[in-house]
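Subject: Structure handover

Hi,

Here is the structure you asked about. Please open it alongside this email; my notes follow below.

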Amino acid sequence: MAMRTIDGQLVFGDGAFPAVLSAASWSVGKITGSSEPGEFGTDRFRAQLMTGLLTSVLKVSINRQRPDGTPYSYPSGHMSSSFATAAVVYGHFGRTLGIPAFVLAGYVGLSRLQEGKHCLSDVIAGGILGTYISLKLVRKDRHKGAISIFPTSVGGGVGLTLSFKI
């Protein structure tokens, strides 16, 4: 889950923290020669990238107004990011760490409701989106139902190639 501070308060579910944590985990795996931290970091990065892209597309396409009057409410990006991380933690480490991760992700949703940034349906949709995508990514059988994201060169520019089987 992402963290940042606003007026000295810690905020989860936002910012660059997911990418930094993913890169750090991947690096630990490479440095120590252990595959688990590297796989966790890779899965977490892919989950954040995929949920971030889909959440952004949905936000712009639906353009639902937030309770505070600002645009792009549905689905909640904080929730999709937080639940994506919780699902990756659950997929790699099981219930012992996964359940607390989901509880913390749920806290993010409650805070978004309390702050008047989202409706309940925004929060639920973000949680479902992040969880679903991440659980598909973290499947132990990498050959069935896997999602692949590859950098690609397109006409002098760069892009991403996405393939997945549902």
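A residue counts as buried when its relative accessible area is under 20%, as exposed when that area is over 50%, and as partly exposed in between. Asp-122 has a relative accessible area of 0%, so Asp-122 is buried. Keep in mind that this is a predicted model.

**Salt bridges**

Searching the whole structure turns up 2 salt bridges.

Asp-122 is in one of them. Its partner is Arg-64, and the closest N and O atoms are 2.9 Å apart. This pair ties together distant parts of the chain. Asp-122 sits in helix H5 (residues 120–137), while Arg-64 sits in the loop between H2 and helix H3 (77–93). The two are 58 residues apart. Their surroundings can be compared too. Asp-122 is buried, whereas Arg-64 is partly exposed, at 28% relative accessible area.

The other bridge joins the side chains of Asp-43 and Arg-46, with 3.5 Å from N to O. Here both partners belong to helix H2 (residues 35–62). They are 3 residues apart, which is about one turn of the helix.

**How H2 and H5 pack**

H2 and H5 pack against each other at an angle of about 140°. Their axes are 9 Å apart. Angles over 145 degrees would count as roughly antiparallel, and 65 to 115 as roughly perpendicular, so this pair is oblique. The crossing of H2 past H5 is right-handed.

**The nonpolar patch**

Which residues form the nonpolar patch on the surface? They are Leu-110, Leu-113, Leu-120, Ile-124, Ile-128 and Tyr-132. Together they have about 590 Å² of accessible area. Helix H4 (95–114) and H5 each supply at least two of the residues. H5 gives the most, with 4. Ile-124 is one of the patch residues, and it is found in H5. Its relative accessible area is 44%, so Ile-124 counts as partly exposed.

**Lys-136**

Lys-136 is also found in helix H5. At 17% relative accessibility, Lys-136 counts as buried. Lys-136 and Val-88 are 48 residues apart in sequence. In space, they are 9.6 Å apart, C-alpha to C-alpha.

Please look at the backbone here. Most residues other than glycine have a negative phi, and most peptide bonds are trans.

- Asn-63 has a positive phi of about 50° and is not a glycine. It is found in the loop between H2 and H3. Its relative accessibility is 43%, so Asn-63 counts as partly exposed.
- Tyr-72 is not a glycine either, and has a positive phi near 65°. Its place is in the loop between H2 and H3. Tyr-72 is partly exposed, with a relative accessible area of 36%.
- Tyr-74 and Pro-75 are joined by a cis peptide bond, with omega about -5°. Pro-75 lies in the loop between H2 and H3.

Arg-64, from the salt bridge with Asp-122, lies in that loop as well.

Best wishes

Technical notes
Residues numbered from 1 in each chain as written. Predicted model: local features only at pLDDT ≥ 70, side-chain atom pairs only at ≥ 80, totals over all residues. Heavy atoms only, no water. Salt bridge = Lys/Arg side-chain N within 4 Å of Asp/Glu carboxyl O. Buried < 20%, exposed > 50% of the residue type's maximum accessible area, 1.4 Å probe, protein only. Patch = residues over 30% accessible without salt bridge, like charges linked within 9 Å, V, L, I, M, F, W, Y side chains within 5 Å. Areas by Shrake-Rupley, 256 points an atom, 1.4 Å probe, with all protein chains shown as cover. Axes fitted to C-alpha atoms, helices over the stretch in contact; angles between N-to-C directions. Parallel < 35°, antiparallel > 145°, perpendicular 65-115°, else oblique. Left-handed = near helix turned anticlockwise from the far one by under 90°.
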